[in-house]
Amino acid sequence: MSATLRHAGWVLRGNPVTLAAGLGATLMVLLAVFGPALVPYDPVASNVPVALRPPSAAHWFGTDQLGRDVFSRVLVATRLDLLIAASAVTLSFAAGAPIGAFCGYVGGRLDRWVGRLVELLMAFPLFVLAMAMVAAFGNRVENIVIATALINLPFYIRFARAEVNIRRNVGWVEAARASGNSHAQVVLRFLLPNVLPAMAVQISLNLGWAILNVAGLSFLGLGVRPPTPEWGILVAEGARFITAGRWWLVTFPGLALMLAVLCFNLLGDGLRDILDPRLRT
Amino acid sequence: MTAPLLSIEDLRVGFSTRHGLVEALRGISLGLHVGETLGIVGESGSGKSVTALAVMRLLDRAGRISAGRISFRGQDITHAPRHVLQPLRGAAMSMIFQNPRAALNPIRTVGLQIADVLRAHEPLSAREARDRAGVLLEAVRIRDPLARLDAYPHELSGGMCQRVMIAMAIACEPALLIADEPTTGLDATTQKTVMDLLSETTARRGMAMVLITHDLGLAAQYCGRIAVMQQGLVVEEAPPHKLFGAPRHAYTRRLVAASPTRQSTIASLLPEASAAPPAAPAVPRGGRLLEVRGLVKRFAGTTAVDDVSFHLDAGESLGLVGESGSGKSTLSRLVCRLLDQTAGSIRFDGTDIGAVPARGFHRNPHRRDIQLVFQDHGGSLNPRFTAFQSIADPLKLLAGLGEGEALQRRVGECAERVGLPAELLGRFPHQLSGGQQARVGIARAIAARPRLLVLDEPTAALDVSVQAVILALLDRLRREEGLSFLFVSHDLNLVRMMCQRIIVLQAGKVVEEGKSDALFAAPRAAYTAELLAAIPHFAPEPSVPGTAG
């Protein structure tokens, strides 16, 4: 463990961008956990007398049309956005990685059929799928999570498939079988852990996209509904006032969104270097 | 004496790594005259390749020449800028790399690649360059050279690719050719033809050659002078017969002893090791352990193993010799039940294990009896497992040991048996040297106390001195643990030392079988004779009986 930490330290020292992204991502997670306890105002309590005030010492990000504190709403929204994005990504990773790994290892007919299915899925636009699911199963957050997970699934299947495929004939796979591992054990105990470092990059990048997707869906009114604070909703609501010069309503949630996506995207590459033991000496 | 073509004086090269500066060359001096052939011999990490790259000024960004002088034709090129070096590279000095397939561009035909080299140094039209490329391919004895001009590297064999590399290297008639392990990874017979071609070509064109190799026998056969390198220093430099006859440096003596000759025995490869008397076999010899009958394996369209039958007794060591493509690796995978045969039977200790499909063999009680040692030891270790985990894996799955003291003890015991220091057990494969990786691989194979060990070219990827140690280790293990060996190799000489009986395989068929000594003394099959002739050999005394009379 200490070797891992030392190695992480070395990677981060040589790569300040990863360090900054890592700190940013950590901050996001901390805000998601403690945000609701830290906010100065109740994010849903309206206070009409102070509606649409620009940023000030009392309201750092200004107030919205009902006098709610934008700073509090942006901060509280972190938890929901990260939670939805993380569950979607976890779901697609947990399902996609083993499916892809088995396809890459077994090859043949299974691989061909799954490949076609994946292509079908990739041709499907997320927003149409989400609308269809909302129409069929109701406008609930769970459905948005599943829709996002489903749309991201092909990336994990393809990625795991390609990474496993190039390793299926390496010496240590044969050695594992000689040591008494079944085919399934070879995939789960040997191949998957070995493709994990490369997948970590994918997970991190995907988390960024997923956050963006969730915000996009709620912007359209799918999944999360007002008055729940969520970055997409905040942007959607604020958009109505942008022509009137109330820039703070859109800018701050937009910035939060951008920062979150940026952090997770930049984190990806650094993460791969930390997780790969071959880079350790 | 004229000025040397190439002279290296007190050259020092350092690489900056995360652990600070590492000195790869610690002050070496070498000289080479026109038309001379110099061999540089040493183990991996001794600095031989760094020397070559420093001369070509092709060191990567982390490497720096910190002191010394390299002059070529009297011109100091130690710190020469690129515009001075560019016309020299390819035209005046060129280099052949270890892996010809990796050194050739996979998406360009070989004719175009040779033409590229020509046109970089001479104003030629595409037509002229193509014609010259054809002549060059003919010079390196590629059959049907004009048709081969349009071939892509993947359409050629490894030996052919190396010939193309040689054609590129000699295209502009350079005065100096540096060959960095030009035949590593090639079959013995291909190695011989490539080396003969190299030495003939350089001799005919009056070129000087630097041959970098870990194989002392090969260097002795083809070089006029040999420099032995160890840890970034040249420890000895002498003509081959002197080096073999009276090696001065202790390291050279060890290297000479470790290089197998036709007379070598396992014991003679390691003269310094205490001559421990071989322990009595734990299992009495005799009793059929393995009986293979009419084994056939077909892959889509090709027959890799064609009606092979042989047997192996308990405690016996059987050699399986053949070149790449002879089906020996496929055969070993079939015996190990990692692959299903198309036809034929494999009986192990009386039971027909060939009837058990490979996919379910991990549950078979005989799984632990048959284990495998791989050629590429590093590549056979899971990069995410420590040495301990690698050795523990078969113990958990095959010997039923759970996490705990018994497992710890047995892993420690196995490590001790193969001479792996206990403190290395926590390391990942990439943190181990080639020899240490080999020991982990062997420890893993013997962990579950198998009865048959299939060794697939176990020393092909190792330096000679490490090879000697590993061979001795395997031989001792066989005697002490009462193991039977199926020793697969392309090197007939190694198999002779390790095995009592030999099977020679060609294109999936057994062409000869017999006792090692008899087969060596009087091969019956022409193919065996060819393999025998390809063993690099060098007589310690320059014996030229023909000229005396």
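A crossing of two helices is called right-handed if the near helix is turned clockwise from the far one by less than a right angle, and left-handed if the turn is anticlockwise. In this predicted model, the crossing of α14(B) and α16(B) is right-handed.

- Helix α14 of chain B, residues 387-398, packs against helix α16 of chain B, residues 434-447, at an angle of about 20 degrees and with the axes 8 Å apart.
- Because angles under 35 degrees count as roughly parallel, α14(B) is roughly parallel to α16(B).
- On the side of α14(B), the contact is made by Ala387(B), Ser390(B), Ile391(B), Pro394(B) and Leu395(B), while α16(B) contributes Val440(B), Ala443(B), Arg444(B) and Ala447(B).
- By class, the residues of this contact of α14(B) with α16(B) divide into 7 nonpolar, 1 polar and 1 charged.

**Chain B as a whole**
- Chain B contains 21 helices and 20 strands, and its C-alpha trace spans about 70 × 55 × 50 Å along the principal axes.
- The radius of gyration of chain B is 25 Å, which agrees with the value near 24 Å that a compact globule of 549 residues would have.
- Of the 549 residues in chain B, 48% are buried.
- Among contacts in chain B with a separation of 6 or more, 69% are between residues 24 or more positions apart.

**Chain A against chain B**
- In the contact between the chains, 20 residues of chain A meet 24 residues of chain B.
- On the chain A side, α7 (171-178) and α8 (183-219) each supply at least two residues, and the largest share, 7 residues, comes from α7(A).
- The residues of chain A on this side comprise 9 nonpolar, 8 polar and 3 charged.

Note on methods: Residues numbered from 1 in each chain as written. Chains lettered and ligands numbered in written order. Predicted model: local features only at pLDDT ≥ 70, side-chain atom pairs only at ≥ 80, totals over all residues. Contact = placed C-beta atoms within 7 Å. Helix = DSSP H or I, 4+ residues; strand = E, 2+ residues; numbered from the N terminus. Nonpolar A, V, L, I, M, F, W, Y, C, P; charged D, E, K, R; others polar. Axes fitted to C-alpha atoms, helices over the stretch in contact; angles between N-to-C directions. Parallel < 35°, antiparallel > 145°, perpendicular 65-115°, else oblique. Rg over C-alpha atoms; globule rule 2.2 N^0.38 Å. Buried ≥ 20, exposed ≤ 12 C-beta atoms within 10 Å, placed from the backbone.
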